[in-house]
Amino acid sequence: MTYAIIALLTVATLIYGLYVVFPAALKPSGKGVKRWAYLFGITLITEILVFALAPLFGWWLPPGRSTYSGDIDLLFYVILAVTGATFIGVSIVYTYVLFKYPSQEGRPSLYSHGNIKLEMVWTAIPGVLLFLLAIGQIPAWLKVKMPTLDEGSAAQALQVEVVGRQWEWRVRYPSSEHLERWRSDPRAALTDLRRKLAPQPDDVRLVNELHAVKGERLFIHLRTMDVIHSLFLPQMRLKQDALPGKTILAWFEPTEANCQRVGDTWHTGVRKDAKGNWVEDPLYKWEIACTEFCGSRHSLMRGKLFVHETREDFEAWLKLAAARQRVTAPPTEAKPGAGAAGQ
Amino acid sequence: MGQWVVNMSENLTHAAEHGHHEELSFLQKYVFSRDHKIIGIQFLFTGLLMLLLGGGLALFFRIQLGWPGAEIPIIGKWLWDGPAGRVMPPDFYNMLFTMHASVMIFFVIIPLLTGAFGNFLIPLMIGAKDMAFPTLNMLSYWFMWPALIVILISFFVDGGAAASGWTAYPTIASVTMPSGSGSLRAPSQPGSGIGQVLWLLSVIFVGVSSMMGSVNYITTIINMRAVGMTMFRMPMTVWGMFITAILQAFALPVLTVALFLQLFDKTIGTTFFLPPSGLSFGNWTTGPGGGQPLLWQHLFWFYSHPAVYIMILPAMGMVSDILVTFARKPLFGYKPMVLAIAGIAGLGFIVWGHHMFQSGMDPRLGTGFMVATIMIALPSAVKTFNWLGTLWGGNITFSTSMLNALAFVSMFVVGGLSGIFMAATPVDVFIHDTYYIVAHIHYVLFMSTMFGIFAGVTHWFPKMFGRMMNERVGKIHFVITFIAANCTFYPMHILGVGGTPRRYFEPTAFDYLQHLQGINTFISISAFVMGFAQLLFLGNMFYSLFWGEKATRNPWRANTLEWTAPSPPGHGNFDVAPVVLRGPYEYSVPDMDTDYLPQTAEVPAGVSVPAHAH
């Protein structure tokens with residue numbers, strides 16, 4: 001369907017282009033001249049329509065599913081409204097000028113060097129708007145990038161370490177026993193947060209998957225082993241570069257779950273409907289991408305994000321993952337390797 | 001072209017007879033020339049040649065994006081006939097986008113705008129005989145050649161040309177692994193070995209060339225203006241070039257230093273960009289470092305942000321002059337336009353951190369950069385409104401150069417407005433390193449600057465070569481390019497809003513991007529149409545050089561000084577030293593027979609004209 005629309009648009013564009021070119025190119029004056037105004041005008045209208053109609057085709061922001069995705073999306077829409085209105089306004093004036101003022105015998109041009117009053121108006125109004133836009137967004141930015149770290153938020157949150165390397169995400173969770181210790185001593189959670197989740201022998205290690213819990217904050221201690229990578233969770237609106245030599249703290253709090261336990265594995269691509277039943281939904285297959293160029297397999301550093309409905313579900317997964325990891329004898333039956341091989 | 005050669009030698013002989021110069025050899029006249037016009041034309045041809053290379057590289061990787069994993073016809077057989085089939089390997093793709101950007105930025109746009117147009121137009125527009133330092137000028141062109149040769153050689157070395165993006169971030173670009181055999185290899189990827197070293201050397205040479213040029217332009221504009229040519233009677237083209245030269249002079253040294261630091265990291269074992277903890281690549285570890293990767297980003301972007309203004313301000317100046325000429329109206333708000341250029345340049349020095357919002361830099365620093373970046377939209381908006389004001393009430397002729405200049409204005413609005421999204425740090429969290437950025441870049445660089453270059457070449461071709469370019473072919477080229485380029489770059493905004501990351505060899509690996517793949521194919525097809533349409537422009541130029549209609553001195557009936565000189569001007573430029581009486585934008589002065597009034601022309605009785613451009 002998409003291909004059909006695109007093919008149609010391409011053909012229409014080419015036909016229109018030829019329609020403009022031949023008369024206007026061959027007859028530089030007279031009726032042909034208006035076609036230039038049409039060319040610019042129709043191009044500008046099409047560009048406005050593309051942004052207006054793209055959401056209808058599903059070519060738009062992946063729906064945001066975290067507590068701060070609303071802030072980010074709101075700012076996006078505010079800017080879209082302001083720039084959209086500006087673009088429409090400028091395009092109207094621009095196209096009008098091209099229609100109204102092609103060269104005419106006997107009509108002298110307006111001999112004017114400008115208008116200082118007008119200049120001041122169209123400098124002051126955008127200036128104020130832009131300044132308000134700049135100041136107004138600072139709280140959202142600081143909320144996303146500089147989370148408050150105190151005993152309360154640390155105790156209630158999960159923590160994970162994510163290490164990027166060419167070309168995978170190495171993920172390390174504290175074990176269930178460690179989480180238990182945080183419940184009994186909230187200061188321990190904050191200490192671990194400040195000490196960048198120092199490695200423990202009983203940590204649960206995974207590759208290319210991240211697990212979180214609906215309604216609970218997840219702090220990510222982000223590192224890299226080799227080059228700069230960047231952790232991108234589109235639906236969570238999280239992006240943070242991983243810088244060699246530094247551990248950077250990022251966080252998100254999902255507002256919806258996307259995974260369901262089936263036997264001993266967890267499957268994504270599901271959501272709870274209004275009645276509380278799990279239904280399949282491809283929009284709920286959430287992924288991890290790398291968004292800082294890192295070499296040959298930069299476009300293949302794909303991971304999966306599992307958001308559990310409840311903390312109990314998450315801890316059940318964590319225990320199973322830990323158990324799978326501690327196999328000391330060769331498995332007698334085919335078993336998935338370290339980490340929950342969920343679908 | 002033949003007539004041009006005859007004109008040039010006649011003029012040079014004429015000058016020799018008056019005892020000004022001894023007879024110059026062929027090499028001195030046309031190869032190692034110290035005449036700004038020849039040097040400008042040298043930059044023009046070299047730049048256009050590199051445009052073919054840079055554009056070709058882009059079309060090449062668009063094949064992979066439009067048809068992922070497809071066998072590449074013809075070239076695939078030469079390059080990769082092996083077990084993997086004739087499919088493009090990811091490392092080759094990475095090299096392609098790196099070299100596309102590097103060639104376009106360092107070898108096409110900057111040399112064309114500053115080297116070609118700056119050189120050719122500045123002395124002519126201010127009424128000077130030549131630049132302040134002709135020998136330095138000649139050197140600035142010839143320093144491009146080592147840069148060119150080195151960058152071309154880099155395609156053929158072990159590991160291939162640089163592949164870490166034109167941004168060359170450590171540590172993917174900067175770490176090298178001394179190998180037993182003595183050749184330079186990188187643990188992160190093949191292109192970061194000798195290819196990256198050659199890239200660094202090449203860009204250092206480009207920087208030296210640009211710094212030479214900028215010093216020349218600033219001195220010439222300040223010191224060598226004709227009698228009566230005050231700063232506020234200069235055309236906007238010269239203002240654009242002047243402020244661009246200041247940007248280059250102050251920003252380039254920082255880039256040059258950064259390039260040397262990375263060069264030393266790669267070749268003599270320094271650790272400017274290696275963190276103290278060291279790094280491990282697979283089985284191999286670097287030793288401990290003493291620096292940090294973020295340092296490169298600061299140094300690099302301190303230049304590269306002003307660089308993007310270097311890549312648009314000259315075009316803005318030229319567009320202003322072309323719009324005025326074909327609207328037959330004075331420029332709306334001369335002084336505000338000059339202030340706006342200065343404002344863009346000044347603010348341009350304090351916004352570099354907006355390329356680093358997500359980099360791990362302190363977010364509070366990001367806030368500072370964010371405010372400055374959002375404010376930079378203001379002078380750009382003022383310029384756009386003033387261009388509209390210039391057109392309003394005019395008598396517009398839709399010549400080829402005017403069409404290209406009009407395209408600049410409308411498309412710059414798109415590019416400028418899209419910039420506001422990424423200036424907003426929370427939104428940047430989502431769109432950083434996605435195709436939204438790529439769309440913005442190409443709207444300001446191709447849809448604005450490149451159309452400005454098409455306009456400038458068409459407009460000043462008669463002055464450069466004494467012949468006119470073909471209007472019909474010019475218009476056909478314009479229409480196809482305008483439509484195809486919009487079809488190529490506008491959908492990239494949509495890809496970006498959908499979250500498509502940049503620099504991705506494989507666009508199909510992610511579920512959340514599957515539904516956007518058709519757009520990639522559409523973009524690739526449009527890009528090929530756009531690319532091939534440029535052959536019309538180059539063909540038009542080449543044909544017109546030899547067989548174009550002969551040009552008069554002032555085919556566009558324009559006011560500025562270059563149109564009082566012969567087409568093409570001889571050595572020394574002007575028949576008599578110009579005396580400037582007014583600003584450059586006195587078009588359609590009331591009570592006059594003609595609708596233009598050159599800067600040097602006496603005013604007829606009974607007509608009043610302001611002495612200075614407002």
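Predicted model: local features only at pLDDT ≥ 70, side-chain atom pairs only at ≥ 80, totals over all residues.

Student: Which residues belong to domain 1 and domain 2 of chain A?
Tutor: The domain assignment gives 2-101 + 119-143 as domain 1 and 148-325 as domain 2. Where the two touch, domain 1 of chain A contributes 9 residues and domain 2 of chain A contributes 10 residues. On the domain 1 side of that contact there are 4 nonpolar, 4 polar and 1 charged residues.

Student: And how many helices and strands does chain A have?
Tutor: Its secondary structure comes to 9 helices and 14 strands. Of the 343 residues in chain A, 40% are buried, and among its contacts between residues at least 6 apart in sequence, 68% join residues at least 24 apart.

Student: Changing topic, how many residues of chain A and of chain B take part in the contact?
Tutor: Chain A gives 96 residues and chain B gives 100 residues. Several elements of chain A each supply at least two residues to its side, including the helices α1 (2-26) and α2 (34-53) and the strands β6 (229-233) and β13 (286-290). The largest share of that side, 12 residues, comes from α3(A).

Student: What classes of residue make up the chain A side?
Tutor: The side of chain A that touches chain B has 55 nonpolar, 26 polar and 15 charged residues.

Student: Then there is the largest nonpolar core. Which residues touch the most other members?
Tutor: Those are V319(B), I341(B), F408(B) and V427(B), in a core of 290 residues. Helix α5 (residues 90-126) of chain B gives the most to this core, with 24 residues. Domain 1 and domain 2 of chain A both give residues to this core too, so it lies between them.

Student: What does V427(B) touch?
Tutor: Leaving aside residues up to four places away in sequence, V427(B) touches I72(A), L75(A), F76(A) and I79(A) in chain A, together with F421(B) and M422(B) in chain B.

Student: Now a helix. How far does α18 of chain B reach?
Tutor: Helix α18, residues 471-497 of chain B, has 27 residues and reaches 39 Å from its first C-alpha to its last, close to the 39 Å expected at 1.5 Å a residue.

Student: Is α18(B) mostly covered or mostly open?
Tutor: Mostly covered, since 24 of its 27 residues are buried.

Student: One last helix, α14 of chain B. What span should it have?
Tutor: At 1.5 Å a residue, the 15 residues of α14 (residues 377-391) should span 21 Å, and its end C-alpha atoms are 21 Å apart, which agrees. Because 14 of those 15 residues are buried, α14(B) is largely enclosed by the rest of the structure. After α14(B) comes G393(B), whose phi is positive, near 80 degrees.

Terms used. Residues numbered from 1 in each chain as written. Chains lettered and ligands numbered in written order. Helix = DSSP H or I, 4+ residues; strand = E, 2+ residues; numbered from the N terminus. Expected span 1.5 Å × (residues − 1). Buried ≥ 20, exposed ≤ 12 C-beta atoms within 10 Å, placed from the backbone. Core = buried A, V, L, I, M, F, W, Y, C linked by C-beta atoms within 7 Å. Domains from an automatic or database assignment. Contact = placed C-beta atoms within 7 Å. Nonpolar A, V, L, I, M, F, W, Y, C, P; charged D, E, K, R; others polar.
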